[in-house]
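Here are my notes on the model. Please read them alongside the coordinates.

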Amino acid sequence: KVENLKEAFDPKRDRENVEALFLEFIEERKLQGTVSKSSIQKYNVVFDKYKSFCAKEHIKYKIMQLNDDFYIAFLSYMRHDYGLNDNTLSRYLNFFKTFLLWCQRKGIEINTDYKKVNVKGYEADGIALTIEDVKTLEQAELTGAEEKARDLFLIGVYSGQRFSDYSMLDKADVQGKFIIKRAEKTEKHSYIPLHNKLKDLLDKYDWRLPKISSQKFNVRIQAVCKKLGFDEQIKKTTYKGKNKVVEVIPKWRMVASHTARRTYTTLACEAGIADHFIMAVTGIKDPKTLQKYKKLNKEMLF
């Protein structure tokens, strides 16, 4: 609302209160229109965690109070109260640092202790589905929300895109035999072959794909995979500080929106498609990032 924006950018506004500054930071990002909706959502998540932490500690921080002790307490709070692993903490911390750099650009004096704070991420145990798994999904007789979740997932497998992109494919992006899509996250173009399986699913919904958040989608696609018997036991390792947590869980619990992108990359690699073609389709810029998407299918070793 205009009133909210006026309040956020009021020059008389408290320039030391972290909560007020963080709100102004988010509002400016929205106003600029250069940041994706998913990034705005992540900033809001971090902001909510910060406000919850302040409520628990019964304190409202000023920007210069964000020192080493604050970061230790804040990260410890998120790790223990929310059970966040180090990968998630690392992302949240980077979002928080983006806010601090914004404050600095606005001429606000900040405490530089944030430069000494770091959370080391780790390579997550993501999976890719096999060609047999994909066929099982294709042939499953499903209805309602389960059918829509399955179809959206397959569109991700066929296109190799992130969920934020493959859930928003547009007929206007079609050029000849390709969908040329600019990624929301990176602004890099992807050149997606419009082969029959992908086209048939998009036509099924008249290119107006079901709207659903990635969180709800993950719950539904896991339910579908559980129903279809994706029960292979997989070891999953996460890190929370010095604590290494190892779980053995069924495969269906590892399936999420991003699994579709890993599945496309892995199956394309197994089919002998060259890396530079896979990168052109997926919009992946760094060969090192591409390697992280490739997952081993043990059956290929025999």
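1. K236 stands opposite E247, a residue of strand β5. The two strands here are β4 (residues 233-240) and β5 (residues 243-250), which pair in the antiparallel sense over eight bridges. Pairing requires that DSSP finds at least two bridges between the strands. Strands are DSSP runs of E with at least two residues, helices are runs of H or I with at least four, and both are numbered from the N terminus.

2. On the basis of the model: it is predicted, so local features need pLDDT of at least 70 and side-chain atom pairs count only at pLDDT 80 or more, while totals for chains, interfaces and linings use all residues. Residues are numbered from 1 along each chain as its sequence is written, and side-chain values use heavy atoms, with hydrogens and water left out.

3. The β4-β5 hairpin has two residues between its strands. G241 takes a positive phi there, near 65°.

4. Helix α7 covers residues 144-159, 16 residues in total. Its first and last C-alpha lie 23 Å apart, close to the expected 22 Å. The expected span is 1.5 Å times one less than the number of residues. Just after α7, G160 has a positive phi of about 75°.

5. Buried residues of α7 include R150, D151, F153 and Y158. Buried means under 20% relative accessible area, exposed over 50%, and partly exposed in between (1.4 Å probe, protein chains only).

6. C54 is buried, at 6% relative accessibility. C269 is partly exposed, at 33%. The whole structure has zero disulfides, a disulfide being a pair of cysteine sulfur atoms within 2.5 Å.
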